[in-house]
Every structure is written in structure tokens, then in C-alpha cells.
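Please read this short report with the model at hand.

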Amino acid sequence: MPTMARTRALAAALEPRVDGFLVTTLVNIRYLTGFTGSNAAVLVLPDGSTVLATDGRYATQAAAETDGVDIVVARSVGPELVSHAAAAGLRQVGIERRQVSLTAYDALLAAAGDMALIDAGPLVERLRIVKDDDELSAIATACQVTDEVFAAVLSTLRAGVSERDVAWLLRTEMHSRGAEPAFDSIVAFGPDSARPHHQPTERTLARGDLIKMDFGAAVEGYHSDMTRTVVLGPAAEWQRELHALVRELQRDARAATVTGALPVELDAEVRRRIIDSGHDVAHGLGHGVGLEIHESPFLVPGSDADTLVERVPVTVEPGVYLPGRGGVRIEDTVVVRAGGAEPLTTSPRDLIEI
Ligand code: ZN
Ligand code: ZN
């Protein structure tokens, strides 16, 4: 993992008013250093030099996972690095204020003495938006596993299986391919499919039910995210119409997800079309995907995300839901390219009647 290039990029992004940046968000620490343990803080200086503090449980792991990083073993990782920065004569250190609890902030302040702690904003989150080759490769692998798992699980769907059965099967199919679930899978039958974020229950599958499955795999810490809605057929006319509407919305939204597109406008266009078709809008169009399942850029109302550039993976996931009857969502993980969005999940998008 080219982590040294990442810490150098962060150093270059430090505002002139900040002469060091304390990173306390674990996923950002993983991105910058490769360290995957559950307790750490990282201090990055303008010259790119990086110190990672962790506790004794992770000393060996930190040395093995990182490269070109000084490692300090301490019980209280954030305050340790703040003291370190103050002793080195730093005057202004940036922190990830949004991610720091009040208790942790008190401890950082106590260690800072005369040194100022300044909210530096989501600097690392911004760097994480555009992916390098290693990251895109891990996401593509996670998407491939997701496609394979969909095909495997589809062949087992029959009347009488429960939502929880299918969610468990998704998990075991991912496990057998060396992957982990990227998040708790959504499996929703019949009327349950009208709930956008339904938690699987003991409801059993019956003929004529829509079957909505939203799941993904995680590979090397990188996520994938896909939704398909099928039916234990034959499909009713309203189910065909609903599915055709969402399929068209999703196809057009994928085509529009190109370099130069503004995320807030992509969402607004789909929102307008759902309303024009006489339905309600239940959620945003999509989100970035990477070390987190939901990360910048967000394709939602009010999003302040910049225009899309190449090498940004996002989801495109319009859905339309008829309360009490059923709903359809079609979601792909795609990567923004100059010539158009490249789908990384490629399972069939036509209505499958089992
Ligand atoms: Zn999803
Ligand atoms: Zn999603």
C-alpha cells in the first residue's frame, strides 16, 4: 500500500496556519499508515514525517503493517502525540474535531498546554475520495465476489425460506470466497421490500413476493454495495411496471455519473423523475464507497461534494417504494471515468422471475 504517498499528500494539504495534524479516526489512520488495530493516533508533520502511537497490544502489529512511520507505545495515544508535538515546539496542531468525543477533547487540551488545537476539517476524507490502483483493484474484487454471491444465492430462493435464512446464506457465500459482509445485509420479502432499510426477519418467502437484497462484500478493508430486486414469479403487472421504472431511472443515472457531473444535481434529477412518476422519494441517489461503506462524495440533497472526477467509486441506487405492497431498488457500485460510469457490479438488472 503506497501509504507514504498518502502522508505526503496530507502534509501538502495542511493549511499554512497548521504545523501538524493529529489523526484520531481509525479508518483514516488505516488509510494513511496501513495500521488496522483498534487503538491508535497519528501525527503528521508538514515534511510528511509521521508518528503513530498505539498501546502494547498492537506494538508488533503496528511495526509489521506500517512503513516509514515512527511508532510510540503509549496508553493514552492522542494526548501522548499532543505532548510530543508541544515538546517539539509546534504552535498550531490540526485535529479531526468532528470525530473527537468531548472527553477525548478535554484530554487533548490538557496535554496541549500553550499549543493551539484547531479543527482542520475532513482533510483525510477528502484525500480518500479519489482512489489509487490498489484501492480500485480491491473494490473491483469485492464487487466480483458480490456478483458471484448473488448468482449463488439466487439459485437457492424458493417458497418457505426466511429473510434471515437468506441473509445467513449471503454471509456464508461471502465467507467461502474469502470475503466478509461489507455491512448487515438487507433481505426483504413482499411488503417488507417497501422498507428501504429493512432488517431481515423470520418472514418466509411466498409466491408473488418481491425479493429485495442489498448487500456487499469487503476485501482488504474495501467495500462493495449492490441491490437487486427479483420476484418469486410470475410477476404481477404492478411489479413489472415498478421494476421497469426503477431500472430506467438507474440506467439513466449511471449514464449521467461521469466526470464533471455535480453529485447534488445527479440526485436532484432522479428525485424529480420519481416525483413526476407520482411516487415519493425515500432516500438519496448514492454515496462514495471505499474503506467505509458510506463515504464522500454523497449523492444526496444538500451535498456540497465537488464535481466528479475519474477514479471515484460511488453507488447509483434509486428506489421506489409502495408502503404495504413492495418496493424496488437497483444499486450498483460504479467508478467514474471520463467516458462514463464503469459498473463494477454487473449482475443482471432485468426483472428476474424465479
Ligand atoms: Zn446498498
Ligand atoms: Zn448503498
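## A buried arginine

Which side chain does the side chain of R228 join in a polar contact? The partner is D332, at 2.8 Å. A polar contact is a pair of N or O atoms within 3.5 Å; within protein, one must be able to donate a hydrogen and the other to accept it, and residues adjacent in sequence count only if both atoms are side-chain atoms. A polar atom of the R228 side chain also lies 2.8 Å from the backbone oxygen of S347.

R228 sits in strand 12 (residues 226-231). Helices (H or I, at least four residues) and strands (E, at least two) are DSSP runs, numbered from the N terminus. R228 counts as buried because its relative accessibility is 2%. Buried means under 20% relative accessible area, exposed over 50%, and partly exposed in between (1.4 Å probe, protein chains only).

## How the model is read

This is a predicted model: local features need pLDDT of at least 70, side-chain atom pairs count only at pLDDT 80 or more, and totals for chains, interfaces and linings use all residues. Residues are numbered from 1 along each chain as its sequence is written, chains are lettered from A and ligands numbered from 1 in the order in which they are written, and side-chain values use heavy atoms, with hydrogens and water left out.

## The zinc site

The zinc ion (ligand 1) has these protein donors: D214 (OD), D214 (OD), D225 (OD) and E331 (OE). Donors are N, O and S atoms within 2.8 Å of the metal (3.2 Å for Na, K and Ca); water is not among the atoms, so sites may look incomplete. D225 also bridges to the zinc ion (ligand 2), and the two ions lie 3.2 Å apart.

D214 is in strand 9 (residues 210-215) and E331 is in the loop between strand 17 (326-329) and strand 18 (332-337), so the pair ties together parts 117 residues apart in sequence. D214 counts as buried at 3% relative accessibility. E331 counts as buried at 0%.

## The whole chain

The protein chain has 10 helices and 19 strands. Its C-alpha trace spans about 70 × 40 × 35 Å along the principal axes. Of its 354 residues, 52% count as buried.

Residues 24 or more positions apart account for 67% of the contacts with a separation of 6 or more. Contact means heavy atoms within 4.5 Å.
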